[in-house]
Amino acid sequence: DMAVSAKWFTLGKKHLAWGDVVWKAAGGSDIRVALMKTTFSWNQDTMESWADVSAQEIAAGSGYTANGAPMTLIDAAYSSSKVVILDANDVTWTSSTITAYYAVVLKYNATAAQAYLLGYVDFGGAVSSTNGDFKITWPADGVLKDTVS
């Protein structure tokens, strides 16, 4: 179990505003979390789609599938203090042998240029599982947050 906190890709918020991403439990977008190699590098302001980062995803196999794991969304909600919460259930890769350094939250589309990056997580180093569960535990206050000024 690893508790993580995601940061937005700036253009992910643009695609949310444009309606390209629907964050709700029933009928929402195909939101996934993908695991990334140690060489993952990103630009929070300019990277926009899975095409920009997919080459840096960990290899498929040993319990991990390419293009990440689908997330079970929870309806977007207002918490308090001008904060909108985008939340989902925790994600577990069972019986897996995985080493990852980062994760990316994306709105999946088979056309990588239309699979929009929403957020990223820096694990702060290698996180591994060996023939066991690799689990991402989202914070109680959501996967991604938007604070209104």
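Visitor: Hi! Before anything else, what are helices and strands here?
Guide: Strands are DSSP runs of E with at least two residues, and helices are runs of H or I with at least four; both are numbered from the N terminus. The model itself is predicted.

Visitor: Thanks. So where does Ser49 lie?
Guide: Ser49 sits in the loop between S3 and S4.

Visitor: Is Ser49 buried or exposed?
Guide: Ser49 has a relative accessible area of 7%. Buried means under 20%, so Ser49 counts as buried.

Visitor: And which residues does Ser49 touch, leaving out those up to four places away in sequence?
Guide: Ser49 is in contact with Ala112, Ala113, Ala115, Tyr116 and Leu117.

Visitor: Let's go to S3. How many of its residues are buried?
Guide: Six of the six residues in S3, which covers 31-36, are buried. Ile31, Val33 and Leu35 point one way from S3, while Arg32, Ala34 and Met36 point the other way.

Visitor: Which strands is S3 joined to?
Guide: S7, residues 91-107, is joined to S3 by six bridges, and the two run antiparallel. S4, residues 69-70, is also antiparallel to S3, with two bridges between them.

Visitor: Switching topic: what is the strand order in the open sheet of three strands?
Guide: The order is S5-S6-S9, and the pairing is antiparallel. S5 (73-78) and S9 (144-147) are the edge strands, each pairing on one side only. From one strand to the next, the twist averages 10°.

Visitor: How many bridges join S6 to S9?
Guide: Four bridges link S6, residues 83-88, to S9. In that pairing, Val84 stands opposite Asp146.

Visitor: Now zoom out. How many helices and strands are there in the protein?
Guide: The protein has one helix and nine strands, and along the sequence they follow the pattern β-β-α-β-β-β-β-β-β-β. Its radius of gyration is 15 Å, close to the 15 Å that the globule rule gives for 149 residues, so the protein is as compact as a globular protein of that length.

Visitor: What does the C-alpha trace span?
Guide: About 45 × 30 × 30 Å along the principal axes.

Visitor: Last one: what share of the residues is buried?
Guide: Buried residues make up 44% of the 149. The accessible surface comes to about 7,200 Å², and 48% of that belongs to carbon and sulfur atoms.

Technical notes: Residues numbered from 1 in each chain as written. Predicted model: local features only at pLDDT ≥ 70, side-chain atom pairs only at ≥ 80, totals over all residues. Heavy atoms only, no water. Buried < 20%, exposed > 50% of the residue type's maximum accessible area, 1.4 Å probe, protein only. Pairing = 2+ DSSP bridges. Contact = heavy atoms within 4.5 Å. Axes fitted to C-alpha atoms, helices over the stretch in contact; angles between N-to-C directions. Rg over C-alpha atoms; globule rule 2.2 N^0.38 Å. Areas by Shrake-Rupley, 256 points an atom, 1.4 Å probe, with all protein chains shown as cover.
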